[in-house]
Amino acid sequence: MALMSGGSREPGRSVTSKVLAILGAFDAAHPQLTLTELARRSGLPLSTAHRLVGELEEWRALGRTSDGRLRVGQRLWELGRLAPNRLQELAHPWLQELFGSTGENVHIAVRDGVEVLFVDKVYGRRAVPIVSRIGGRLPMHPTGVGKALLAYEPDWFVTSYLARALERPTPRTITEPGRLARELAAVRAQGYALTHEEMTLGSCSAAAPVLVAGRPEAALGIVLSSRRARELPRLVEPLRAAAAGIARAYG
């Protein structure tokens, strides 16, 4: 039987694997689920999902919205906060300083597989809204931070990445392998990446890699409204300086 998101319908699964399948059914695109949806996405019988959900609710690993849909509970958030994140701790003051000097949304991300994982973000209500969120994931090639990371990965990884079917969030997203490869070469040569409405219409960005011993440990990005795209070049040097500062602290 086909695998389902968050687990499979294979017989003989342990209780632990079933619980992990339930928790893994939630993601950024599915932060709230009905019990039926949760059972389907976890690959569990409805009766099993109902029993385990009850226990997880009692432990506060799961909660309910006002309309009765299931969501991740407060207890998991508390546990997650205990996980050490040295990069976030070291980078946060630099993000605050960059936001303070520019007034624009800034974020930092790492590569996780073929996606970028956002580990911190500083933003203001007057700045342009951005789709990144702490703990959220996005494709690499449409994002400034993703391009800044991808450009410094080994050739074998870049080749493998470009051979994939590349997502196209907007009509401006670059998905042609040859064109994207040339852009990544330019990013590596100049030391920063620029995007224009490739992830979200109405937004543009600049990003710089956080290089430690030549390896891209993370990437720091800043996002502006597309109407102000011509302002991006003046933000590149402060951005690169902050990325270099984070690299020195992290290294």
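Of the 251 residues of the protein chain, 44% count as buried, a term that denotes a relative accessible area under 20%, with exposed meaning over 50% and partly exposed lying in between (1.4 Å probe, protein chains only). The structure is a predicted model, in which local features need pLDDT of at least 70 and side-chain atom pairs count only at pLDDT 80 or more, while totals for chains, interfaces and linings use all residues. Residues are numbered from 1 along each chain as its sequence is written, and side-chain values use heavy atoms, with hydrogens and water left out.

The secondary structure of the protein chain comes to nine helices and nine strands; these are DSSP runs numbered from the N terminus, with helices (H or I) of at least four residues and strands (E) of at least two. Along the principal axes, the C-alpha atoms of the protein chain fill a box of roughly 60 × 40 × 35 Å. The protein chain exposes about 13200 Å², of which carbon and sulfur atoms supply 54%; accessible areas come from the Shrake-Rupley method with a 1.4 Å probe, and for residues only the protein chains shown count as cover. Among contacts between residues at least 6 apart in sequence, 55% join residues at least 24 apart, where contact means heavy atoms within 4.5 Å.

For residues 13-74, UniProt lists "domain: HTH iclR-type" in an unreviewed entry; UniProt positions are given in the numbering used here, feature names are shortened, and annotations may be inferred rather than shown by experiment. Over residues 13-74 the chain is 52% helix and 13% strand, and the end C-alpha atoms are 27 Å apart.

An open sheet of three strands has the order β1-β3-β2, with antiparallel pairing; two strands pair if DSSP finds at least two bridges between them. The edge strands β1 (32-33) and β2 (62-64) each pair on one side only. Between β2 and β3 (residues 70-72), the antiparallel pairing runs over three bridges, and Gly63 has Arg71 in β3 as its bridge partner. Helix α3 (residues 46-58) packs on this sheet, touching β2 and β3, and its direction makes about 90° with that of β2. For such angles, axes are lines fitted to C-alpha atoms, for helices over the stretch in contact, and values run from 0 to 180 degrees between N-to-C directions.

An open sheet of six strands has the order β6-β5-β4-β9-β8-β7, also with antiparallel pairing. Strands β6 (137-139) and β7 (193-196) stand at the edges with a single partner strand each, so one side of each is left without a neighbour in the sheet. Neighbouring strands of this sheet are turned by 30° against each other on average, direction ignored. Helix α5 (residues 86-102) packs on the sheet, where it touches β4 (105-112), β5 (115-122) and β9, and its direction makes about 60° with that of β5.

Strands β8 (residues 203-212) and β9 (residues 215-225) pair in the antiparallel sense over 10 bridges. In β9, Arg215 is the bridge partner of Val212, and Ser225 that of Ser203. The hairpin of β8 and β9 has two residues between the strands, and Ala213 in its turn has a positive phi of about 55°. Nine of the 10 residues of β8 are buried, so this strand is largely enclosed by the rest of the structure.

The largest nonpolar core has 26 residues, of which Leu87, Leu95, Ile108, Val210, Leu220, Leu239 and Ile246 touch the most other members; such a core is a set of buried Ala, Val, Leu, Ile, Met, Phe, Trp, Tyr and Cys residues joined through side-chain atoms within 4.5 Å. At least two residues of this core come from each of α5, β4, β5, β8, β9 and α9, and α9 gives the most, with seven residues. Beyond its neighbours within four places in sequence, Leu95 is in contact with Val106, His107, Ile108, Asp120, Lys121, Val122, Leu220 and Ile246. A second, separate core of 23 residues includes Met140, Tyr152, Leu162 and Leu184.

Helix α9 (residues 232-250) also contains Glu237, which is exposed, with a relative accessible area of 52%. The C-alpha atoms of Glu237 and Arg60, 177 residues apart along the chain, are separated by 46 Å.
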